[in-house]
Amino acid sequence: MELFKKTAAELSGMLKSKEISAVELAQDVLARTKAVDEQVGGYITVTEETALAQAAAVDAKRAAGEELSDLAGIPVAIKDNICTKGTLTTCASKMLYNFKPPYNATVMDKLAGQDVVITGKANMDEFAMGSSCENSAMHPTHNPHNLNCVPGGSSGGSAAVVASAQVPLALGSDTGGSIRQPASFCGVVGMKPTYGAVSRYGLVAFASSLDQIGPFGRSIEDAAMLLDAVTAYDPRHDSTSVKTPFEGGLRAGLNADIKGLKIGLPKEYFGEGISAPVREAVLKAAETYKALGAEVFEISLPLSEYALPIYYILSSAEASSNLARYDGVKYGYRTPNAGDDLIDLYVKSRSEGFGAEVQRRIMLGTYVLSSGYYDAYYKKARAAQRKIREEFAGAFEKCDVILTPVAPTTAYELGSKTADPLEMYAGDICTVSVNIAGLPGLVQPCGFDAANMPIGMQLIGPAFGEQTLLNAGLAFEQASGLKNIIAAL
Amino acid sequence: MKYEAVIGLEVHAELSTESKIYCSCSAKFGAGINEHTCPVCTGMPGALPVLNKQVVHYAAKMGLATGCTVNRLCKSDRKNYFYPDLPKAYQISQFDVPICENGEVFFYVDGEKKSCRLERIHFEEDAGKLLHDEIDGTVVDFNRCGVPLIEMVTRPDLHSSAEAKEFLEMIKTTLSYLDICDCKMEEGSIRCDINVSIRPEGTTELGTRVEMKNVNTFSGAVRAIDYEIARQIDVVEHGGTIQQETRRWDDVKLKNTVMRTKEDAQDYRYFPDPDLIAVEIDDEWMKKIESEIPELPISRYERYLNEYGMTAMEARQLMDSFPKATLLDTAAASGRITPKAAANWILSDISKYLNDKEIELQDTKMTADKLVDMICLIEKGTISGAAGKKVLPALFETDETVEQIVERMGLKQVSDEGAILAIVQEVLAKNEKAVNDFKNGKNVTGFLVGQCMKASRGQGNPQIINKLLAQELAKL
């Protein structure tokens, strides 16, 4: 029946009407994984057994007449940096190759409470550091639209399993674009919620002040469903958690009527660094919005040019501290090559356990926090962060949402950028500001380039403007028909 | 040449909160290895801290009690370093904005009032413990990890081990008055690092300082300071110079050894902890904290000396115990007895009872009302002082009133002269030999009073017995 090709919203209806069972659905998507994931490499761990057991439990509950959530029985893949009790959570690192958390992330408890079926743990750049999924210590993930290309990163596995229809929904995490850029490269919907909207408890930290969990789906409605399921005020476990005005009500609040919506196009995001096909596709989307009755005009965000250095200073500083706990003492990888010397144990475990990019960022972060450099780098970056926040706040006095490209180009070939880390970092130019300012960002497909690779666009909203973003996204999705795009494999 | 020592202290006190500073694990001492742990306090991947507000409350209380300014917005910072007892490889502490700043602590040394300024008080998490004797290898016990601490940093205002000891005692007494630390030295509740330098007497410039770690008792602090002052003088006298370094005190070998030189000074790379948001102490909260500060020990001490006319030793003994001082002050506040009368009971029989039973006053049923009632009964002559001592255990152990106890134990004193006269006459009649001895000039008063007390079953008023016995003997 090719259930795997359907959206979560469609499947939810079919499960509710008992047209299909959760077990049938789980079997169907797991079969799809068996058929395609050898090529795609989207998963690190497939939890077939537990998925089938969860699905059977959902069916039993439904048969018993229990009232179930919209997501009950819907398969969801989880990025491998989100702690899943008893299931490997590796962060795609040798350092955590054997780590099975004795606890669930808050989002996992939320999903379990809604009887979601977890299909497995998705590949990523090691500790979420990277933009191509090539930094995974396990294996690279391939873009389902062209297996020679990267899926983007760091949540490349989550984007790829959704794009290749191995699962309708997946969770990722976004620190500087790690949900949005792979969504763009793989032609799916991805959203980075407002900082604090989704609990970070159990998300293995990369840069705590920037990290945020968010959904992938093949439609706006699907992304809204999953975001509804995981949004939760969690003050007992996450001090940075905030109470949102929309908790759980985004899907119900969807409304494609966007007449009068004010859309700002920041000129700095359409400059030289952006490839022509991407610029043209996003500008064409702006035209679509005009036709739908939105007011589209140019704005300016002059501080955008500082966003990239600010991001790499702040995120690396926090990462250097967050990743210091992986020392070979308590869990994860411990070098077999250390003698009795404690420092030797630390140095060798960390040198052998972490990949090159992670080590690079730890060194960078250690440097910017060091005595004598702190004021010049970290402190200055924090001050500049406040300026960027203010600049966005000013922009949102003029417009309701901001429309930008997601990445300078479409997905590139594996290996083509790994030699030059700076070139790789430059690919994050359009996405990092959103994290620095703690804002929500929505990415969805808006076209294809000449090689038929997906192009995404990004809508940025003010804090807690998720509903406005999703409504604007829905309006474009309906007008463009760019929904439920499945890579031909 | 004569030298003056300059001493500054960093005192760590564990706060007696129910749960740890960033998770809900018990903060109690003494559980089995790693029994009080969870993903948060063992620094597991993805686990996040949530600040226990009781810690802020307690730290602010100590700040107010030591005259500090309390910063209403409490931020947290990470102090990064590697050690196996620190599971996150950073300690959550406070760096540039401590919760309390610029305080001053007063204390007496040999009858002279001194003070030591506090630079700051901040809160932070304790680390775990490495146990080297459990197995072949080392066990890391994370029970203590995340137990809340306050660190109190002084200015270099102290000049001798005696001053340091009295300062530390006053910090301990203050912590106990505020009920924010259980002050069990043997469990490591209070620990300190000591900075010592010397300079020629009469000069004001500070010398190079040496930090000493691993000082776990106040008497150890005295030994460590005396040793270090002597060592530095010895170095200088022999033409050497003092190196800025950290030395480890060994309280068994009674010497210290170099731990770290200035060159290996660690860069802790402090930065604001992004996992924690600043906690604000609002006006209402601040008022609540202020309302919980009792009269401080030094103030009570001076009152006992100056208003109650006690000796320094008595005043000190009472000040040292918040429950005893409170018992005294509450009893005195009744206005029915003199403070001295209450103090005498507290310092003698009450203290003896508590010592013998090895219990704390606050864990007994003794109240100021009961103590006052008992003293009043003695002063009125309803019971004797000796009867008071018999009543005392029941005051600690039962809910009965003093009257009920006196009644139950039959301790009411007979002061009726007619009744006592009858007893005296009966005793004289029965003790012919004593009467004869008296007539022969022997002193038998003590014996006869004893017989009268016995005949009254201990209830006869001894003064009246004495008076009437003398009167009757005179008639012979």
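**A loop proline and its surroundings**

Mentor: Pro235(A) sits in the chain A loop that runs between helix H7 (220-230) and strand S7 (262-266). The model is predicted, and what follows should be read as a description of that model. Pro235(A) has a relative accessible area of 36% and is therefore partly exposed, a class that lies between buried, under 20%, and exposed, over 50%. Apart from its neighbours within four places in sequence, Pro235(A) touches Ser241(A) and, on the other chain, Val50(B).

Asp157(B) belongs to the loop between strand S10 (148-154) and helix H2 (161-178) of chain B. Its relative accessibility is 17%, so Asp157(B) counts as buried. With neighbours within four places in sequence left aside, the contacts of Asp157(B) are Ile7(B), Ser115(B), Cys116(B), Arg117(B) and Glu163(B).

Further along chain B, Asp179(B) occupies the loop between H2 and strand S11 (190-200). Asp179(B) is not a glycine, yet its phi is positive, at about 60°. With a relative accessible area of 56%, Asp179(B) is exposed. Lys18(A) is another non-glycine residue with a positive phi of about 60°. Lys18(A) is in the chain A loop that links helix H1 (8-16) to helix H2 (22-40), and its relative accessibility of 54% puts it in the exposed class.

Backbone geometry also marks a further loop of chain A. The peptide bond that joins Gly153(A) to Ser154(A) is cis, and its omega is near 10°. Ser154(A) lies between strand S3 (117-122) and helix H5 (156-163) of chain A.

Turning to helices, chain A has a pair in contact. The axes of H9(A), residues 304-322, and H12(A), residues 375-395, approach within 9 Å and cross at roughly 130°. That angle makes H9(A) and H12(A) oblique to each other, because roughly perpendicular ends at 115 degrees and roughly antiparallel starts over 145. Their crossing is left-handed. On the H9(A) side the contact is made by Ser304(A), Ala307(A), Ile310(A), Ile313(A), Leu314(A) and Ala317(A). Among their partners in H12(A) are Tyr377(A), Ala381(A), Arg382(A), Gln385(A), Ile388(A) and Glu391(A). By class, the contact residues are 10 nonpolar, two polar and two charged. Residues three or four places apart on an α-helix point the same way, because a turn takes 3.6 residues.

Chain B has its own helix numbered H9, residues 368-380. H9(B) has 13 residues and spans 18 Å between its first and last C-alpha, close to the 18 Å expected at 1.5 Å a residue. The buried residues of H9(B) are Ala368(B), Lys370(B), Leu371(B), Val372(B), Met374(B), Ile375(B), Cys376(B) and Leu377(B). The elements that cover these residues include H7 (322-333), H8 (339-357), H10 (385-397) and H11 (402-409) of chain B. Just after H9(B) comes Gly381(B), with a positive phi of about 85°.

Notes:
Residues numbered from 1 in each chain as written. Chains lettered and ligands numbered in written order. Predicted model: local features only at pLDDT ≥ 70, side-chain atom pairs only at ≥ 80, totals over all residues. Heavy atoms only, no water. Axes fitted to C-alpha atoms, helices over the stretch in contact; angles between N-to-C directions. Helix = DSSP H or I, 4+ residues; strand = E, 2+ residues; numbered from the N terminus. Parallel < 35°, antiparallel > 145°, perpendicular 65-115°, else oblique. Left-handed = near helix turned anticlockwise from the far one by under 90°. Contact = heavy atoms within 4.5 Å. Nonpolar A, V, L, I, M, F, W, Y, C, P; charged D, E, K, R; others polar. Expected span 1.5 Å × (residues − 1). Buried < 20%, exposed > 50% of the residue type's maximum accessible area, 1.4 Å probe, protein only.
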